[in-house]
Amino acid sequence: MTIEVIRTDCEVRLRIKRTSYCKYEYTSRIADTPNPKPQPVDLTLTARTAMSEQLAKAKEAIQKEITAHKITVYSKTWCGYCKRTKDLLAGDEFKEFDIAIHEIDKTKDGPAIQKALAEITGKTSVPQVFVNGELLGGNDDTQAAYRSGKLIQKLKA
Ligand SMILES: N[C@@H](CCC(=O)N[C@@H](CS)C(=O)NCC(=O)O)C(=O)O
């Protein structure tokens, strides 16, 4: 975490930057008195507030996304398990279904999305595959559901 203190004639600005996606700025105006007393600021709380705002936004985005598409996959470009899932879903049998794939290692909000996913599903790994707004699981679960016919069944339900 970096904390930058910017002081001008009339205000003190604290710029707290935890990661590239998590920033918070706190500005306090200096009172019109000759020797204004600096007011204590709880930086821990301020940074925590910024982080929980990001997390809440990410959770909201996930909820919106998984209900908007038949299948939603949270993936990382370099992940072999994710590739297997994406290869499966690229097959002809899935052409008729609306599939959204998010490469969370390539987006600014990716780390927040990963943290939000962990809170929603309890899983820290990728891929995370949602069908009809519900978690199906990772690649192993997706392949097994495909082999058993349950995946297509769920999609056609
Ligand atoms: N059994 C899981 C394995 C997934 C997995 O291990 N993914 C790796 C990336 S290739 C991962 O996210 N590891 C980080 C973690 O487990 O927190 C599946 O089938 O999806």
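Pairing here takes at least two DSSP bridges between two strands. Strands are DSSP runs of E, at least two residues, and helices runs of H or I, at least four, numbered from the N terminus. The model is predicted; local features need pLDDT of at least 70, side-chain atom pairs count only at pLDDT 80 or more, and totals for chains, interfaces and linings use all residues. Residues are numbered from 1 along each chain as its sequence is written.

I then went through the partners. Val 131 has Glu 134 in β7 as its bridge partner. Phe 130 stands opposite Leu 135 in β7. Two residues lie between the strands of this hairpin, and Asn 132 takes a positive phi near 50 degrees there.

Next I checked the side chains of β6. Gln 128 and Phe 130 point one way, Val 129 and Val 131 the other way, and all are buried. Buried means that 20 or more other C-beta atoms, placed from the backbone, lie within 10 Å of the residue's own.

On to β4. Four bridges join β4 to β6, and the two run antiparallel. Tyr 74 stands opposite Gln 128 in β6. Strand β4 (residues 71–75) and strand β5 (residues 99–103) run parallel, joined by five bridges. Val 73 has Ile 101 in β5 as its bridge partner. From β4 the chain passes through helix α2 (residues 80–89) to β5, a right-handed β-α-β crossover. Right-handed means that, with the strands pointing away from the viewer, the path from the first strand over the helix to the second runs clockwise.

I put the sheet together: four strands, open, in the order β5-β4-β6-β7, with mixed pairing. β5 and β7 (134–137) are the edges; each has a single partner strand, so one side of each lacks a neighbour in the sheet. The twist averages 25 degrees from one strand to the next. α2 packs on the sheet and touches β4, β5 and β6, its direction making about 155 degrees with that of β4. Contact means C-beta atoms, placed from the backbone, within 7 Å. Axes are lines fitted to C-alpha atoms, for helices over the stretch in contact, and angles run from 0 to 180 degrees between N-to-C directions.

Last, I listed the residues around the ligand, among them Cys 79, Tyr 81, Ser 125, Pro 127 and Asp 140. The criterion is a C-beta atom, placed from the backbone, within 6 Å. α2 and α4 (139–148) each supply at least two residues of this shell.

Definitions and conventions. Contact = placed C-beta atoms within 7 Å. Buried ≥ 20, exposed ≤ 12 C-beta atoms within 10 Å, placed from the backbone.
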